[in-house]
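This report describes the structure shown below in terms of its helices, its aromatic and charged contacts, and its nonpolar cores. The discussion opens with a question.

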Amino acid sequence: MNTVSSVFVIEDHALTRRGIQVTLESDPHIEVVGEALSGQEALDWFESHDADLVTVDLSLPDMSGFELIARIHEDHRSEEHTSELQSPDHLVCRLLLEKK
């Protein structure tokens, strides 16, 4: 089965964001579907888009990555099933979530 996971990247530093994208896109089973530089930009994106995975900088200019994940869940999802891989600076959550 050739399943492709869609990934949304949230990172305010351009070089780090690009490095994450290049690394992810080197896997044929991953498609980067968008990016945001702030929490609010990410929330706006999720108003009209969706992704299977999201990588979140834990220290964004307008909110923490933890707050952002909670807001995405609160604003756009009804049921949450996540698995997380956390580094000191980034949080990766699998969003196996249903739309409200």
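Predicted model: local features only at pLDDT ≥ 70, side-chain atom pairs only at ≥ 80, totals over all residues.

## Helix 1

Helix 1 comprises the twelve residues 14–25.

An α-helix has 3.6 residues a turn, so residues three or four places apart point the same way.

## The salt bridge

The structure contains one salt bridge. It joins the side chains of E35 and R17, with an N to O distance of 3.3 Å. E35 belongs to strand 2 (residues 30–36) and R17 to helix 1, so the pair ties together parts that are 18 residues apart in sequence.

The two partners fall into separate accessibility classes. R17 counts as buried because its relative accessibility is 10%, under the 20% limit. E35 has a relative accessibility of 33% and therefore counts as partly exposed.

## Aromatic contacts

Three aromatic pairs are present in the structure. One of them, formed by F8 and W45, is stacked, with 3.9 Å from centre to centre and 20 degrees between the planes. This pair links distant parts of the chain: F8 lies in strand 1 (residues 5–10) and W45 in helix 2 (residues 39–46), 37 residues apart. W45 also pairs with F46; their ring centres are 5.0 Å apart and their planes stand at 85 degrees, so this pair is edge-to-face.

F8, W45 and F46 together form one aromatic cluster. F8 is buried. W45 counts as buried because its relative accessibility is 14%, and F46 is buried with a relative accessible area of 1%.

## D52 and its distance from F8

D52 is located in the loop between helix 2 and strand 3 (53–57). Its relative accessibility of 27% is the reason why D52 counts as partly exposed. D52 and F8 are separated by 44 residues in sequence, while their C-alpha atoms are 8.1 Å apart in space.

## Nonpolar cores

In soluble globular proteins, nonpolar side chains tend to be buried together. The largest nonpolar core of this model has 15 residues. Those with the most contacts inside it are F8, I10, A42, V54, V56 and L68. Strand 1, helix 2, strand 3 and helix 3 (65–76) are the elements that give two or more residues to this core. Helix 2 gives the most, with four residues.

A second, separate core has five residues, among them V9, I20, V32 and L53.

Key: Residues numbered from 1 in each chain as written. Heavy atoms only, no water. Expected span 1.5 Å × (residues − 1). Phe/Tyr/Trp six-rings, centres within 6.5 Å; stacked < 30°, edge-to-face > 60°. Buried < 20%, exposed > 50% of the residue type's maximum accessible area, 1.4 Å probe, protein only. Salt bridge = Lys/Arg side-chain N within 4 Å of Asp/Glu carboxyl O. Core = buried A, V, L, I, M, F, W, Y, C linked by side-chain atoms within 4.5 Å.
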